[in-house]
There are 2 protein chains.
Amino acid sequence: MKNQLESVEEMLLMGPGPSCVAQTVYQALARPTIGHLDPKFIEIMDQIKAMLQQLMNTQNRLTLPISGTGSSGMETCFVNLIEPGDRVLILINGVFGKRMEDLAGRLGAQVDTLEFEWGTPVDPDAVKDKLAGNDYMMVALVHAETSTGVCNPVAAVSGVVKDSPALFLVDTVTSLGGIPVDVDAWHMDAVYSGTQKCLSCPPGLAPVSFSQAAVDKVMNRKTKVPNWYLDLTMIINYWEGAQRAYHHTAPINMLYALYQALFDILEEGTKNVFQRHKMAHEQLVDVLKPMGLDMLVAPGFRLPMLNAVKIPQGADDAGIRKRLLTDFHIEIGAGLGPLAGKIWRIGVMGHTARPENIDRLAQAFSEVL
Amino acid sequence: MKNQLESVEEMLLMGPGPSCVAQTVYQALARPTIGHLDPKFIEIMDQIKAMLQQLMNTQNRLTLPISGTGSSGMETCFVNLIEPGDRVLILINGVFGKRMEDLAGRLGAQVDTLEFEWGTPVDPDAVKDKLAGNDYMMVALVHAETSTGVCNPVAAVSGVVKDSPALFLVDTVTSLGGIPVDVDAWHMDAVYSGTQKCLSCPPGLAPVSFSQAAVDKVMNRKTKVPNWYLDLTMIINYWEGAQRAYHHTAPINMLYALYQALFDILEEGTKNVFQRHKMAHEQLVDVLKPMGLDMLVAPGFRLPMLNAVKIPQGADDAGIRKRLLTDFHIEIGAGLGPLAGKIWRIGVMGHTARPENIDRLAQAFSEVL
C-alpha cells in the first residue's frame, strides 16, 4: 500500500480554519510523548492554563483546554450548564448560532431564540427588550460568526445581560487570538474556543473558561452531567489541585502544540498579533475591491480574520475554489447554508495573517477570475 | 518565560498508556496541516477506515476514529445507542466496567450489572443465567480490563449474547493492536478503542465500529442523540458518501499519526505484532519472578500488554515509581481503586513491547527494589 502521507503538501490555508501552522508548533507537536501524570506534564498543563487566562483576560480558575475540537467546547459549556427545563435564549445570525439552538434543545432546555439577518450583527436593544419580560438561565451568542464574517457586539450585549440573572455564554472559536476577548470585563460566564483558527495550532483542542457563577451552577446541579467525557466536575480534578486525579488520558502531543502556539502569541505580544490581523484584513479588502470582489458585511461589523466575499455574478464558485487549491495550493472556504454559492470565506487567521499571503492570493485570483 | 517543552525528555513508557511512539509516527504528526475537506485529506480518511476495518476484522461500514481520546469512544457508543428507559446489562470486573455503569446511568438507561472479583475474568455462564430471565437492549463489557490486567473471554460471552436480542458492546481500548479483536466473528455490535495503547499513537483519537444492527438502532431513535459533537448520524456524512458534509473540523494532524501507526502495524503484520506482545509479556513475567514480583491474574487470563504485578510486602509504592521515573526515565502505572497500593501496572504496549525495554526495566527494578 502506498503511504498517502508522503504526498501531503504544504498548503496556504485561507479558509475558515484550519489556518497555517508555524514550524515551532509542528516541532512542539513531535516532542516525545510523556505520561499524563508525569510531574513534567503537570507543569506544562499549569502553564497552558496561565497562558489561556492571559489571552482571555480572565482570572477564572476553571480555564483549560477540552480534549476535542472546537465543537466539543460548545458541547462542554452546554452539557455542564443546562439541566432539563432550563430556559435559555440563543441569539442567532449564522450557522454557529443555529448549532447552539440545536444542541440546547437536545439537552432538554426550553429554547427561545432571537434571529437576525445573516451578515448583520446581533442588536443589543432587541436583546434588552427580550430580557425584559423573561427569566432566562442563560443567554448565548457567537462572538465571531464564522459563517458570515460578522463580529457581534459582545461588549454591548454583555451590558444588557449583566443586569439580568442569566449566565452569559459566548462562542469565541474564531475570535480568540485574532481580536480582544475580554472574558472578565465583558462579564462572560462561559466561553469556548478552538485551536485551529487564530491560535494557529492544528485542530484538536477546545479552550474553555467558566466564571465562579458558572462553576456554582455546575456544582449545584440536581443531576449528574449527562456526559461522562466532558463532565467538568471530574475534569477539574485532573487540571487543578495538589492531587491530579486521572480522568481520561490527556492528548499529550496536541497539548504540546497548544502550549507552543500560546507561547508564540504571547511572545509576539497580543497587541501586535491583533494589529497583524487588522492589517491583513485591510490589505485583503483593498486588493479584492479592484477585482470586483465586495464584502458581505458592513464596514463596522467585519471580522478581520474571516472575510465573507460576495461571489461575482456568473463566476463558477466550486470551479474557482478547486483551481485555487489545485493550481495555486491555496484553500479558501465555501459559503454555508443560505450563503452557499453566494460568498467565499477567506480566512486570515493566526500565522496566515501576513502580507505575503494576501499578495499570493491576490495574484492567484487575478489569474482564475 | 521559560519554554517548558525544551526540557521534555524521551521516557520509556511502561504504564497503562500512553505507550512509546515510533519516529515514523512523530514524523507523520508533524506533516503539514491541510484542510478537512481537501480531496487529499479525504483519501487519507478513506484509508484510515480501511486499515481500521482490517485491524478489527470487520466489514462494518461505520468504522472510523472519533475526535477525542479513548473515553470519547465509550461516550459515542453509549450516547448514540441508549435512549432513556433502555435496559442494559454491564459486566464489571474493574474500573472501566464501573465507568460504563456510571455513563449508562447518566443517559437514563435502566442499568443492571453483574460484578466479578477484580483480577478475575467475567464468567460467561453467569451472563447466560442473567440473560435467561431478562430482555436487554444491550450487554456491555471490557475486553482488556486495564485496571487489573485481565483478558475477558469476549468470544465466549459473545456466544451467549448472540442468542439474545441484545446488542453487544465491547471496550477494546487496550486490546486493539495487541491481541486479536475479531469484531465480526465475535458478533460485536459496537466497539471503541483508543490510540495511545497498542496502536502506539499519541492519545487523542478513539476508533469505533458499529454493526448494521447498531446503526439501525441509532437511525431509528425516537429522539435526537443528546450530544451534538458525537452524533454519529451527522458524523457519518463527513466520513462517508460522495458529498463529505462538514460536521466539525477534524483533528488533521492526529489523524496523520493514526494513519501512520496503523500503516506500521499492517506492514509488520498483525500476527507478528501480536507475537511480539506475547513474547514481551512472557519475558517480563520471567524476569520479575526471581525478584519476588508476582502477577495478580491467573495465567490463563493474563493480558500480554498490561501486567498487574503485586507490590511486595513493605515496598514503597510511590517512592519506587518515582525513582523509576526520575532516575531511570521509566514510567510504570499505579493501581486504581481497590487495587491502589497493591499492584503496579506494567504496560508492554505497541512500540514499547520490545526485549530491550524489558531488560531495561528489569535492570532498573533490580536497583530500586
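**Questions about a predicted model**

Modeller: Here is a place to start: Gly333(B) stands opposite Arg345(B) in strand 13 of chain B. Please keep in mind that this is a predicted model.

Biologist: What makes strand 12 and strand 13 of chain B a pair?

Modeller: A pair needs at least two bridges. Strand 12 and strand 13 (residues 343–347) of chain B have two bridges, in the antiparallel sense, so by that rule they pair.

Biologist: And how does strand 1 of chain B run relative to strand 12 of chain B, parallel or antiparallel?

Modeller: Parallel: strand 1 (residues 12–14) of chain B is joined to strand 12 of chain B by three bridges. There, Met14(B) faces Ile332(B).

Biologist: Why is strand 12 of chain B called largely enclosed?

Modeller: A residue is buried when 20 or more other C-beta atoms lie within 10 Å of its own. In strand 12 (residues 330–334) of chain B, four of the five residues are buried, so the rest of the structure largely encloses this strand.

Biologist: How do you know that chain A agrees with a compact globule?

Modeller: For 369 residues, the radius of gyration of a compact globule would be near 21 Å; chain A has 21 Å, so the two agree. Buried residues make up 57% of chain A.

Biologist: Which helix of chain A gives the most to the side that touches chain B?

Modeller: Overall, 60 residues of chain A are in contact with 60 residues of chain B. Helix 9 of chain A gives the most to that side of chain A, with seven residues. The residues on this side divide into 28 nonpolar, 20 polar and 12 charged.

Methods: Residues are numbered from 1 along each chain as its sequence is written. Chains are lettered from A and ligands numbered from 1 in the order in which they are written. This is a predicted model: local features need pLDDT of at least 70, side-chain atom pairs count only at pLDDT 80 or more; totals for chains, interfaces and linings use all residues. Two residues are in contact if their C-beta atoms, placed from the backbone, lie within 7 Å. Ala, Val, Leu, Ile, Met, Phe, Trp, Tyr, Cys and Pro count as nonpolar, Asp, Glu, Lys and Arg as charged, and the others, Gly among them, as polar. A residue is buried if 20 or more other C-beta atoms lie within 10 Å of its own, exposed if 12 or fewer, and partly exposed in between; C-beta atoms are placed from the backbone. The radius of gyration is taken over C-alpha atoms; the globule rule is 2.2 Å times the number of residues to the power 0.38.
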